[in-house]
Amino acid sequence: MTSTPARALEDIADWAYAPAPQATDVVRISPENGLFINGEFAPAADGRQFATVNPATEAPLAQVAEAGQADVDRAVAAATAAYELVWRPMPGAERAKYLYRIARIIQERAREFAVLESLDNGKPIRESRDVDVPLAAAHFFYYAGWADKLEYAGLGPAPRPLGVAGQVIPWNFPLLMAAWKLAPALAAGNTCVLKPAETTPLTALLLAEVCQQAGLPPGVVNVLTGDGAAGAALVAHPGVSKVAFTGSTEVGKAIARTVAGTGKKLTLELGGKAANIVFDDAPVDQAVEGIVGGIFFNQGHVCCAGSRLLVQESVAEPVLDRLRRRVETLRLGDPLDKNTDIGAINSRVQLDKIRELSQAGEQEGAERWSPPCQLPERGFWFPPTIFTGVSQSHRIAREEIFGPVLSVLTFRTPEEAVAKANNTPYGLSAGIWTDKGSRILWLSRRLRAGVVWANTFNKFDPASPFGGYRESGYGREGGRHGLAAYLDA
Ligand code: NAD
């Protein structure tokens with residue numbers, strides 16, 4: 001390692017950035033937003049509403065209808081009728097045209113989606129613009145291609161759709177999770193009732209508008225905004241044949257209990273506590289970028305975040321040194337500023353959880369570090385944080401924090417790295433940083449994780465299956481495997 005990159009990093013840290021705010025006038029948020037049932041927006045049957053706020057400022061953005069049992073019944077009835085009468089009988093090539101249309105409209109309205117996502121979720125515009133929205137469009141494009149080729153998906157000669165899919169999604173990637181759920185379900189010939197998370201309903205409603213714009217037949221996609229009770233009512237509805245859930249392990253377990261014995265097909269994408277493993281022969285600069293992206297991307301609100309750094313003891317000091325200097329250059333603040341690396345925490349509840357676990361880390365004896373960084377006065381904010389001296393029994397090494405908090409552990413041998421990486425009830429993802437291909441293969445066979453990245457992290461592609469096992473859930477989303485969850489083969 002020469003001194004040039006270090007010098008360059010220090011220089012960058014000294015730069016004064018002029019603000020580069022993203023204009024918000026591309027977005028029109030209506031003050032009141034209805035449920036999307038049978039192709040139309042309408043208030044909840046009992047007229048209930050709730051507010052969604054901008055987590056960066058705590059300013060209310062809009063009122064949103066809160067679905068109750070009667071609305072769930074209406075949405076499932078609309079989806080059932082659309083399934084029986086329109087979507088199932090429609091040839092795959094025709095279904096594909098709608099999916100292509102939705103994908104293209106997402107691209108055309110990309111700026112609008114990105115700004116709305118950052119306003120409602122708090123994530124940096126750079127990420128919503130460059131990751132969430134393009135990947136959402138890519139999912140619709142990808143699955144549009146499968147709609148008329150289902151018999152070649154390796155799932156039997158004549159795979160059949162299941163019926164109505166009840167889909168419940170979280171707040172960390174609101175539009176992208178909606179795309180992950182809707183695109184394969186629709187391609188396979190199912191109709192959908194989607195329930196977005198209560199803190200981030202707006203891009204799912206914009207996607208509903210896109211469905212209208214694409215001329216999607218009424219009832220094929222329905223969007224019910226509301227809280228956990230609406231999600232629970234949807235999952236339990238007898239008219240739903242397939243349940244797909246992304247969110248916390250606790251709720252995932254409750255859903256598995258509800259669905260057990262009903263014959264409904266279920267996929268669960270739950271939490272994680274991924275190990276990002278750095279060996280002494282790893283290219284340090286790339287590894288540091290991978291560590292930073294692994295835990296600070298999307299404020300660490302990522303189920304597959306590399307929240308446990310396992311670094312080989314012999315290089316721990318230089319790697320941590322470099323990591324701290326890199327983290328000092330991250331810019332926290334206005335999510336709509338194009339310079340921002342770390343945006344707002346999505347809700348006060350989540351902020352409290354991150355604070356509580358970080359305090360537990362200190363109390364249990366780990367050493368806490370954050371760069372000097374001024375947090376905005378209003379809104380929900382947490383600085384990038386690194387804990388060293390973490391032992392495997394610490395809560396911060398075991399529990400999902402779902403925030404910008406990295407726990408660092410060390411190892412000496414590959415065997416110890418594997419043992420520590422696997423010492424978690426989760427099994428979603430892992431990362432390996434090393435110069436040796438043979439070591440990557442040796443490790444990836446032993447790591448109990450659904451996804452293993454090598455010399456990279458947090459890479460997603462619609463063609464690649466994603467999912468975990470053990471407490472991280474079951475089933476796969478993405479790729480050909482993602483179709484299996486929506487077909488009776
Ligand atoms: P959550 O599981 O409570 O909520 C996710 C979705 O499920 C939301 O739409 C919610 O309204 C709905 N829901 C809640 N209770 C339900 C029930 N009983 N039946 C059906 N649906 C229900 O997650 P959260 O409160 O948003 O976050 C809590 C924790 O979950 C986080 O701290 C994090 O650890 C984890 N999480 C994981 C992911 C992931 O991608 N795996 C995403 C978000 C949160």
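This is a predicted model: local features need pLDDT of at least 70, side-chain atom pairs count only at pLDDT 80 or more; totals for chains, interfaces and linings use all residues.

Student: Helix 9 has buried residues, so within what arc do they fall, seen down its axis?
Tutor: Start with who is buried (under 20% relative accessible area; exposed is over 50%, partly exposed in between, with a 1.4 Å probe and protein chains only). In helix 9, residues 249-259, that's Thr 249, Gly 252, Ile 255 and Val 259. The arc is taken over the directions from the helix axis to the C-beta atoms. The buried residues line one face of the helix because, down the axis, they fall within an arc of 115°.

Student: What do those buried residues of helix 9 pack against?
Tutor: Look away from the other side of helix 9, where Glu 250 and Arg 257 are exposed. Count a contact when heavy atoms come within 4.5 Å. The buried residues then pack against helix 8, strand 10 (242-246) and strand 11 (265-269).

Student: Helix 8 also meets helix 2, so are they parallel or oblique?
Tutor: The axes of helix 2 (69-87) and helix 8 (228-236) come within 9 Å and cross at roughly 45°. Axes here are lines fitted to C-alpha atoms, for helices over the stretch in contact, and angles run from 0 to 180 degrees between N-to-C directions. Angles under 35 degrees count as roughly parallel, over 145 as roughly antiparallel, 65 to 115 as roughly perpendicular and the rest as oblique. So helix 2, relative to helix 8, is oblique.

Student: How many nonpolar residues are in the contact of helix 2 with helix 8?
Tutor: Helix 2 brings Gln 69, Val 72 and Val 76, and helix 8 brings Ala 230, Ala 233 and Leu 234. For classes, Ala, Val, Leu, Ile, Met, Phe, Trp, Tyr, Cys and Pro count as nonpolar, Asp, Glu, Lys and Arg as charged, and the others, Gly among them, as polar. One residue of this contact is polar and none is charged, so by those classes the nonpolar count is five.

Student: Is the crossing of helix 3 and helix 5 left-handed or right-handed?
Tutor: Helix 3 (92-108) and helix 5 (125-146) pack at about 165° with axes 8 Å apart, which means they are roughly antiparallel. A crossing is left-handed if the near helix is turned anticlockwise from the far one by less than a right angle, and right-handed if clockwise. For helix 3 and helix 5, the crossing is left-handed.

Student: How many charged residues are in the contact of helix 4 with helix 7?
Tutor: Helix 4 (110-121) and helix 7 (202-213) have axes 9 Å apart at an angle of about 155°. Helix 4 supplies Glu 112, Phe 113, Leu 116, Glu 117 and Asp 120, while helix 7 supplies Leu 202, Thr 203, Leu 206, Leu 207 and Val 210. Those divide into six nonpolar, one polar and, for the charged class, three.

Student: Is Asn 298 buried or exposed?
Tutor: Most residues other than glycine have a negative phi. Asn 298 has a positive one, near 60°, and sits in the loop between helix 10 and strand 13 (308-312). Its relative accessibility is 0%, so Asn 298 counts as buried.

Student: And what is the relative accessible area of Asn 455?
Tutor: Asn 455 also has a positive phi, near 55°. Its loop runs between strand 18 (451-454) and strand 19 (473-474). Asn 455 is partly exposed, with a relative accessible area of 32%.

Student: Last one: how far apart are the C-alpha atoms of Ile 396 and Tyr 98?
Tutor: Ile 396 is in helix 13 (395-398), and at 0% relative accessibility it counts as buried. Beyond four places away in sequence, its contacts include Lys 273, Leu 357 and Phe 387. Tyr 98 is 298 residues away along the chain, and the C-alpha separation is 45 Å.

How values were computed. Residues are numbered from 1 along each chain as its sequence is written. Side-chain values use heavy atoms; hydrogens and water are left out. Helices (H or I, at least four residues) and strands (E, at least two) are DSSP runs, numbered from the N terminus.
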